[in-house]
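Have the sequence and the picture open as you read.

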Amino acid sequence: MTYLANHMLDRMKPMEPIELRARRAALGLEQRELAEMLACSPSVIEQWETGADEMSDPVSVDLVLQSAENLADELLDRLEGWVEHASGVLDSPYVDIRTYGSDSELWASDAWCAEHGVRASMHRTTAAWAARLVRDGGITARIIQKMETA
């Protein structure tokens, strides 16, 4: 069997609980949020992540995670570009990255995030990655939270 065939067979094996937990955490998603994306209950996600139960459709779970990972990558590119642009416009190495405490706050402030269904938790995680990446270019990005007005 070729390497590619072996690799494809390996990918067809059920996802290990640690992989699901790690990928969800890397996206900054809570179990509840991933459950909403998969149209299941948070207790199902917990059972999968602890190995108490096997995924009924690991391919669909993997596709949803891949889609979320691609979205996070696109968001990271957008945030990193915005920080670099803001630093240049402000002529300052200090830039604030505004993030949000809830999905509704984020979606009211950022049409792209609303259109793509970016969760506030994913936005916060990605903002931290963007701040880390621009540091190499001499930019200090501070993450601040947009406070909801009453």
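This is a predicted model: local features need pLDDT of at least 70, side-chain atom pairs count only at pLDDT 80 or more; totals for chains, interfaces and linings use all residues.

You'll find serine 104 in helix H6, which covers residues 103–109. Its side chain makes a polar contact with the side chain of serine 102 at 3.2 Å. If you look along the sequence, alanine 114 is ten residues away from serine 104, and the two C-alpha atoms sit 8.5 Å apart in space.

Now hop over to serine 121, in helix H8 (residues 120–135). Serine 121 has a relative accessibility of 5%, so it counts as buried, the cut-off being under 20%. Leaving out residues up to four places away in sequence, serine 121 touches Leu27, Gly28, Leu29 and Glu33.

| Side chain of | Reaches | Distance |
|---|---|---|
| serine 104 | side chain of serine 102 | 3.2 Å |
| serine 121 | backbone oxygen of glycine 28 | 3.0 Å |
| serine 121 | side chain of glutamate 33 | 2.7 Å |

Time to zoom out. The chain has eight helices and two strands, in the order α-α-α-α-α-β-α-α-α-β. It has 150 residues, and 33% of them count as buried. Among contacts with a separation of 6 or more, 64% link residues 24 or more positions apart. The chain exposes about 9,200 Å², with 54% of that supplied by carbon and sulfur atoms.

How values were computed
Residues are numbered from 1 along each chain as its sequence is written. Side-chain values use heavy atoms; hydrogens and water are left out. Helices (H or I, at least four residues) and strands (E, at least two) are DSSP runs, numbered from the N terminus. A polar contact is a pair of N or O atoms within 3.5 Å; within protein, one must be able to donate a hydrogen and the other to accept it, and residues adjacent in sequence count only if both atoms are side-chain atoms. Buried means under 20% relative accessible area, exposed over 50%, partly exposed in between (1.4 Å probe, protein chains only). Contact means heavy atoms within 4.5 Å. Accessible areas come from the Shrake-Rupley method with a 1.4 Å probe; for residues, only the protein chains shown count as cover.
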